Amino acid sequence: MKNTKILMLIAACFVWMASIIHPLQGQTSYTLSPSSELKIVGKSNIRTWTLTSTAASGKGQFMIEGTELKEIKSLWVEMESESLKSGNKALDKHAYEALKTEEYKHINFSLKEIKGSGFLLEARGDLSIAGITKEVNFPVKVSQEENRINFKGELPIKFSDFNINTPTNLMGLIKTLDDAKIYFNTDFTK
């Protein structure tokens with residue numbers, strides 16, 4: 001009799017553990033690939049400029065059924081502010097001053113929600129630049145290939161929304177405009 005009760009207790013424990021583990025099946029951790037690219041593109045009253053970084057890190061928890069992405073449980077990306085480069089040291093220096101990189105070393109994005117189905121989704125999350133965090137919404141194109149999930153899109157921003165004073169040069173003759181776009185082409189892999 002005692003053995004039967006012990007066996008029933010063990011069986012009940014297995015059923016309970018299976019009920020906890022089952023929802024986690026298919027949920028997989030992915031890491032941002034070094035081949036990912038993030039850009040900030042803006043304009044001055046003279047020309048368009050681009051700052052590019054390939055030195056971001058990030059993680060995502062994705063629900064995969066078979067080989068198909070079913071749900072994005074979580075996603076965050078962090079980029080060192082001074083990894084942004086234009087190819088022009090003077091422009092980089094002005095950008096780092098505007099972004100207050102000595103005090104705020106990173107630009108971060110943390111996903112709160114993603115809606116839609118298929119290849120075009122709508123993302124909502126928190127974007128932190130220069131110590132200011134703002135909620136942002138933007139469209140995202142998603143593609144999947146074996147162990148790689150790609151997110152591609154653009155996010156319009158205003159520097160003033162992040163309390164960033166846009167750089168000027170030559171006693172104010174050259175002025176950086178307030179509007180810019182963040183472009184991303186990010187690969188997450190297992």
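Start by selecting Ser-33, which you will find in the loop between strand E1 (27-32) and strand E2 (37-44). Keep in mind as you go that this is a predicted model. Is Ser-33 buried or exposed? Its relative accessibility is 12%, so Ser-33 counts as buried, since the cut-off for buried is under 20%. Now show what surrounds this serine: setting aside neighbours within four places in sequence, Ser-33 is in contact with Asp-187 and Thr-189.

Next, move to the largest nonpolar core, which has 42 residues. Which of them touch the most other members? Select Phe-62, Leu-75, Leu-127, Ile-129, Phe-151 and Ile-157 to see them. Then colour strand E5 (residues 68-80), because that is your way onward: E5 gives the most to this core, with 5 residues.

From E5, step across to its partner, strand E6 (residues 106-115). The two strands pair in the antiparallel sense, over 5 bridges. To see one of the bridge pairs, select Glu-80 together with His-106, its partner in E6.

Finish at the turn. E6 and E7 form a hairpin, with 4 residues between them. Which residue in the turn has a positive phi? Select Gly-116, where phi is about 110°.

Conventions: Residues are numbered from 1 along each chain as its sequence is written. This is a predicted model: local features need pLDDT of at least 70, side-chain atom pairs count only at pLDDT 80 or more; totals for chains, interfaces and linings use all residues. Side-chain values use heavy atoms; hydrogens and water are left out. Buried means under 20% relative accessible area, exposed over 50%, partly exposed in between (1.4 Å probe, protein chains only). Contact means heavy atoms within 4.5 Å. A nonpolar core is a set of buried Ala, Val, Leu, Ile, Met, Phe, Trp, Tyr and Cys residues joined through side-chain atoms within 4.5 Å. Two strands pair if DSSP finds at least two bridges between them.
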